[in-house]
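Colleague: I am new to reading models. Please take me through this one, term by term.

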Amino acid sequence: MPFIQQLTMHNNHQATFAIASERLNELLAKLSEFQLIHFEVLPATLEEVFMQHYQEPLKNQADKQVVK
């Protein structure tokens, strides 16, 4: 699923990842194919929001510098 970011597998049965809220229905549709024991959704922390916000402009600026 290309819309999943920061995927970390903890063992064969657990994973943590980030996903944009507008893609949550797609994820739930896919997960409905499996027998889930537990599913938890946590909002992003303030630190995660800031990091995401400020990393995007830095990444875009780095891409522009490479092109020059």
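Modeller: Start with a pair of residues: N11 has Q14 in β2 as its bridge partner. This is a predicted model, where local features need pLDDT of at least 70, side-chain atom pairs count only at pLDDT 80 or more, and totals for chains, interfaces and linings use all residues. Residues are numbered from 1 along each chain as its sequence is written, and side-chain values use heavy atoms, without hydrogens and water.

Colleague: What makes β1 and β2 a pair?

Modeller: Strands are DSSP runs of E, at least two residues; helices are runs of H or I, at least four; both are numbered from the N terminus. Two strands pair if DSSP finds at least two bridges between them. β1 (residues 5–11) and β2 (residues 14–18) have four bridges, in the antiparallel sense. So they pair. A hairpin of two residues joins β1 to β2.

Colleague: Why is S21 called exposed?

Modeller: Exposed means over 50% relative accessible area, buried under 20%, partly exposed in between (1.4 Å probe, protein chains only). S21 has 61%, so S21 is exposed. S21 lies in the loop between β2 and α1 (24–31).

Colleague: Which elements pair in the antiparallel sense?

Modeller: β1 and β2 do, over four bridges.
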